[in-house]
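Hello,

Here is the structure I promised to pass on. Please open it and keep it beside you while you read my notes.

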Amino acid sequence: MSPSPPSSASTTPKIQALALILPLFRRYWLRVFFGIVALLGVDLCQLLIPRVIKLSIDGLKSGAILPHGLFRYGLMIVGLALGVALFRYFWRNLILGFSRLLERDIREQLFSHLLMLDRTFFQKRTIGELMALSSNDLASVQLAAGMGLIAAIDAIIMTVAVLMFMIYINPTLTLIALSPLPLLALLTKILSGRLHKRFSLVQETFSNITEMARSTINAMRLVKIYSREEEQTANFDRLGRQYIKHAMRVAIIQGLLFPVSGLVANGSLLLIVIVGGKMAIDNLITIGDFIAFISYLFMLVWPMMAIGWVANLFQRGLTSLSRIQAVLSEQSLLHDDGCSATLPASINSIELRALNFSYSGQQGQGLHDISLTLTPGLFGLVGPTGSGKSTLCHLLARLYPVTEGSILINGVDLNRIAIKDYRQAVAYAPQEAFLFADTIAANIGFGRPDATLKEIEAQAEAVGIHDEIMHFKGGYTSKIGEKGVMLSGGQRQRISLARAMLTRAPILIVDDGLSAVDAGTEQQIMRAILEYSQTNIVIMTSHRLAPLAQAAQLAVLEDGRLTALGQHHELLAKNDYYRAIYQKQTEPGGGEADAA
Ligand SMILES: Nc1ncnc2c1ncn2[C@@H]1O[C@H](COP(=O)(O)OP(=O)(O)O)[C@@H](O)[C@H]1O
Ligand SMILES: [Mg+2]
């Protein structure tokens with residue numbers, strides 16, 4: 001869940017956050033304008049009803065209207081009530097529609113902004129936080145901009161108009177009637193503030209329950225193997241009780257809100273009956289005025305409550321908006337400013353010059369003084385776990401900016417090449433194979449939307465997974481994920497690899513892409529990779545040495561430093577780590593032991 005912001009948050013970012021929605025008001029101004037006009041229609045009709053009541057009662061009393069004349073007044077009231085219904089339909093449609101459009105637009109803005117940000121950002125924010133932004137926070141912005149806006153305008157119009165009608169009847173009586181009402185606004189503000197806090201707790205507990213159910217079902221095998229069913233059930237039960245506890249508190253506060261406001265309104269009514277009744281007896285006001293006055297008084301109750309409610313709504317909406325704004329104002333460390341260099345069609349060298357790198361918040365340094373030149377062919381990067389192989393891949397894939405030293409592509413500084421251009425030149429199969437909940441064909445074709453099924457199949461064949469795909473009931477149209485086919489680690493790796501290779505990008509980076517495939521498949525994949533590397537630069541990391549033995553160039557990375565460079569037989573002769581691991585991995589019995 002999103003952390004609640006410090007209550008002392010300064011107001012400037014909140015004002016800045018408003019800049020986020022102002023253009024949306026401008027974009028949909030017609031909708032907002034007519035929505036408010038319809039709202040005015042509702043208010044006008046509502047205000048006129050007590051006037052009609054007054055006229056009919058005073059007419060009755062003076063004997064000026066006959067019974068059938070009453071029918072006319074009745075019809076007028078029905079007409080006004082119809083007007084209320086019609087106008088209300090319109091404003092709801094227009095303004096609530098506006099708030100949904102606003103929600104959609106901000107969500108799209110947020111989403112496309114997230115796609116632009118680099119990995120540094122995603123290390124600072126959890127997925128849960130980002131999900132909360134686009135669900136809870138956006139919902140409270142939507143509520144404030146829709147219902148909140150309407151309630152605020154309505155409350156102001158109604159208060160002013162009702163007051164004018166009341167003052168018109170009798171100023172003194174108005175003053176007396178109003179005296180308890182500020183209390184109502186205050187009570188509503190306090191109670192609805194409490195309500196919100198409790199309600200957030202309910203939501204939080206609910207998401208805990210969902211998360212627990214999800215992870216338990218996901219890890220069902222573990223639960224069974226460790227016989228943890230009873231504990232899990234007890235935990236679940238505990239969360240369920242918490243949920244009920246919080247939900248009951250919400251119900252209690254909600255139950256308090258209306259009786260309390262009723263009490264205040266009736267206190268005010270008491271004053272009017274005593275003072276106003278006396279005025280009517282003394283003929284200072286007519287009976288019709290007296291009754292109309294009471295109707296107006298009841299019309300003030302809602303606006304007074306609305307003011308308290310809206311104050312909370314706006315506060316919450318603004319806080320959420322500034323949280324969204326904070327993400328929208330995050331700049332990617334990778335940006336295109338000053339990226340004027342264009343990328344040549346064919347890439348024939350990548351040069352790393354005195355490259356240093358560390359992640360923000362990393363203890364010590366990730367990469368030290370790496371200098372190296374890559375040309376078309378297979379480049380193998382080996383080294384123990386944690387030595388920095390993936391880090392180097394990240395920099396080559398430009399997931400992080402180069403800050404110290406440089407990477408030159410055909411002699412051009414990578415930081416000066418437009419990001420989009422470079423991305424088109426690089427294919428990257430990350431260490432953690434990520435697959436979308438989509439068909440297998442869509443997953444392989446992700447980087448090449450124009451690829452034909454034939455090309456996709458040929459690529460799958462090349463990485464040795466075609467036959468396995470054909471064994472799934474849906475073949476290439478099988479969906480991957482919870483409701484579709486479940487894939488083994490090796491299958492995921494090969495699909496991710498096929499996706500990268502299908503792009504035919506001049507630079508291919510494969511980070512530990514063979515760790516979960518068997519020896520036979522590995523050889524087949526290496527043939528495809530070697531073929532790819534005849535015209536392209538292929539960078540491949542592995543902690544198993546055998547598949548990389550044929551690499552044109554091999555580098556050993558230890559603790560962020562390049563400790564050896566050369567071909568397989570050279571490294572066997574000169575690098576202790578390489579020799580030791582190679583012997584361990586190839587000796588009979590030691591077999592395919594992990595190098596790490
Ligand atoms: N995002 C990160 N933030 C901070 N430190 C990291 C991050 N990713 C990796 N590291 C650290 O950088 C070092 C190199 O990691 P990595 O490049 O993944 O090694 P390898 O791929 O060789 O196993 C490790 O010490 C690791 O803990
Ligand atoms: Mg790694």
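Four residues of domain 1 are in contact with four residues of domain 2. Keep in mind that this is a predicted model.

First, the layout. The domain assignment places domain 1 at residues 12-328. Domain 2 covers 350-586. Their centres, taken over C-alpha atoms, are 55 Å apart.

How much area do domain 1 and domain 2 bury between them? The figure is about 430 Å². Carbon and sulfur atoms account for 46% of it. On the side of domain 1, R119, T120 and Q123 lose the most area to domain 2. Together these three make up 81% of what that side buries.

What kinds of residues does domain 1 use to touch domain 2? Two are polar and two are charged. None is nonpolar. I also looked for specific links across the interface. The count of salt bridges between the two domains is zero. The rule finds zero residue pairs in polar contact there too, with both residues required to be at pLDDT 80 or more.

**Around ligand 1**

Now turn to the ligand. Which residues are around ligand 1? They include Q123, Y359 and Q362. The run P384, T385, G386, S387, G388, K389, S390 and T391 is also there.

- Q362: a polar side-chain atom lies 2.8 Å away.
- G388: a backbone N or O atom lies 3.0 Å away.
- S390: a side-chain N or O atom lies 2.7 Å away.

On its own, ligand 1 has 550 Å² of accessible area. The protein covers 66% of that.

Best wishes

Technical notes:
Residues are numbered from 1 along each chain as its sequence is written. Chains are lettered from A and ligands numbered from 1 in the order in which they are written. This is a predicted model: local features need pLDDT of at least 70, side-chain atom pairs count only at pLDDT 80 or more; totals for chains, interfaces and linings use all residues. Side-chain values use heavy atoms; hydrogens and water are left out. Domain bounds come from an automatic or database domain assignment. Contact means heavy atoms within 4.5 Å. Buried area is the accessible area (1.4 Å probe) that two parts lose on being put together, summed over both. A salt bridge is a side-chain nitrogen of Lys or Arg within 4 Å of a carboxyl oxygen of Asp or Glu. A polar contact is a pair of N or O atoms within 3.5 Å; within protein, one must be able to donate a hydrogen and the other to accept it, and residues adjacent in sequence count only if both atoms are side-chain atoms. Ala, Val, Leu, Ile, Met, Phe, Trp, Tyr, Cys and Pro count as nonpolar, Asp, Glu, Lys and Arg as charged, and the others, Gly among them, as polar. A residue is near a molecule or strand if one of its heavy atoms lies within 4 Å of it. Accessible areas come from the Shrake-Rupley method with a 1.4 Å probe; for residues, only the protein chains shown count as cover.
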